[in-house]
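Please open the model in your viewer and keep the selection panel at hand. The tour below moves from one selection to the next and says what is found at each stop.

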There are 2 protein chains.
Amino acid sequence: MKVLALMAIPAPIKDQIAALPNVQIEGPDYLAQHGLTDITAIFGWQGQLNDLIKENSTVRFVQSFSAGVDYFPLATFQKKNIVMANTSGIHARPIAESVLAYVLAFARGIADSAHRTPENFWDRDASRGDVFTLPGKTALIYGTGHIGRAIADILTQQGMTVTGISHHGEAVAPFTAVGTDQDSAAFAKAADVIINIMPLTPETHHFFNAAFFNALTKKPLFINVGRGPSVDTEALVAALQTGQLSGAALDVFEQEPLPATSPLWQAPHLLMTPHVSGAFAEIYTAAATILYHNLAQFVRDGSLAENQVDLSQGY
Amino acid sequence: MKVLALMAIPAPIKDQIAALPNVQIEGPDYLAQHGLTDITAIFGWQGQLNDLIKENSTVRFVQSFSAGVDYFPLATFQKKNIVMANTSGIHARPIAESVLAYVLAFARGIADSAHRTPENFWDRDASRGDVFTLPGKTALIYGTGHIGRAIADILTQQGMTVTGISHHGEAVAPFTAVGTDQDSAAFAKAADVIINIMPLTPETHHFFNAAFFNALTKKPLFINVGRGPSVDTEALVAALQTGQLSGAALDVFEQEPLPATSPLWQAPHLLMTPHVSGAFAEIYTAAATILYHNLAQFVRDGSLAENQVDLSQGY
């Protein structure tokens, strides 16, 4: 069987995969010449595959490089009985570190100082009044899956109280309380930091909109490490401009790459990173290892070893 | 006895101090009108006092607002048998958080992204290659006193290995190894992050100079939350320009306020904050509480309850 690898596979793992019975690795050149002909498994994704997969009947397994799979044609996979796995798990630690990095950048005056000029840099009285430490502060995390829990762990470790909102509202450690959408407004009002890590679904599109931001009373920080379209960008910019939010950090955007015309470039008290919160130096090894585990089992019995996506749920 | 308070004392603690037997609090107005006449204790400091204290014979106790006391006329205090206390202890948590904030700002791409423009912001391949997570990385802390230990604690908690350099070289938890100046070069070569929290003494002036930076082989991060003059600014700028350091974060400077003419304003991969790493919202309460404890004991028996400075050591 042919495996189309669109993401790099580090050498030692490539050798392990190539040693699996009947497995042959093909690359982007194969795709350019033969399309998906004879391809059984795909690692990674490209926009052109959305059309190609509709006509193809040989692909049986898709392994994403990402945790979120909202950009894959899940309905087509379901119809064609294609099994799918994501890389959920490997991003938990780096995303949790990124969230702590954003919170601390605001807490310790880095965000405020980054855009200062020689003329106003030493306005220490203003700076001193704004800096704070984390113990005793409250964070609310939208999404209590394993990445949400890793974020909750790293913030709890720093003395913060962490609450959560999830679809099911089930209590999960280390959250001190978990509610459902019904509890969202009340929980958000009590939070010093609000963090989104929800998957993108029709329900979460523009979940963080003007009504959400306008209801806040505590001038919290807002952090999005989930999906860009969960946030109404215009509403976020307005909330920063009016001071309804004391600051925000975005790693994901409604449109990626972030266009130069985005109003975010003019928004105050905003930190932005280019969708790297889940990245780390060893990411290619970690993702390829999941691919290897899944392929090894797939060639035996057609099932996946880990990280299988529930195509009807979208995560 | 009169207490000259040059720093704000929050109301509840002011009442407690005023209720001590024979204690009367005076402010900056008193200083302007009467100098140090009849003043027994001073809370805080101003440059003009360096001269006034030489002529005065009534001051017996000075309470600093800071942890470091290098800017006080310690030799004069010693000669006049003035006892002194600092606020060492209250700054440990905020400084440790600041160090973690700087490390994470570099690790998670915030420092790199902060100065990007709409044109180069989405250069994700460059960004992805540079981001990293903390577990397995090594930090070297110069200074293993209680602030150094608090920094070591917060970094160890994130999976980093932490070594230290101190005057005495005594092993202290959670440092995995502590050396003396003799070990400095070897320890520094092995570190991914180098942190200074040493007090300023003749030995530590320009300790981090061209020779120090040039001997590094691992392109580490350098963080100064100790004292500005411990770093040779020109040498640091050169180390950043040549890439000898992959980044630096400075909260303290050779000259404060940092002048607009400083070459630091042009240095690459540099984060700067205006001497706020020890600050936090409740700092006035925390410092005044130490003053109260010391005054309460001082009026009883002339000794101090906590944080007494060894005037011959300078900390």
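Select Ile151(B) and, leaving aside residues up to four places away in sequence, look for its contacts (heavy atoms within 4.5 Å) with Ile95(B), Ala96(B), Val99(B), Ile141(B), Ile195(B), Ile197(B) and Val225(B). A second, separate core of 32 residues includes Phe121(A), Phe187(B), Phe222(B) and Leu240(B). A nonpolar core here is a set of buried Ala, Val, Leu, Ile, Met, Phe, Trp, Tyr and Cys residues joined through side-chain atoms within 4.5 Å, where buried means under 20% relative accessible area, calculated with a 1.4 Å probe on protein chains only.

This is a predicted model, in which local features need pLDDT of at least 70 and side-chain atom pairs count only at pLDDT 80 or more, while totals for chains, interfaces and linings use all residues. Residues are numbered from 1 along each chain as its sequence is written, chains are lettered from A and ligands numbered from 1 in the order in which they are written, and side-chain values use heavy atoms, with hydrogens and water left out.

**Stop two: Leu74(A)**

Next select Leu74(A), which lies in helix H4 (residues 74–79) of chain A, helices being DSSP runs of H or I with at least four residues, numbered from the N terminus. Leu74(A) is buried, with a relative accessible area of 12%, and its C-alpha atom is separated by 9.5 Å from that of Gln313(A), 239 residues apart along the chain.

**Stop three: helix H5(A)**

Finally, select residues 92–107 of chain A, the 16 residues of helix H5. Of these 16 residues, 15 are buried, so H5(A) is largely enclosed by the rest of the structure. After H5(A) comes Gly109(A), with a positive phi near 85°.

Methods: Buried < 20%, exposed > 50% of the residue type's maximum accessible area, 1.4 Å probe, protein only. Helix = DSSP H or I, 4+ residues; strand = E, 2+ residues; numbered from the N terminus. Expected span 1.5 Å × (residues − 1).
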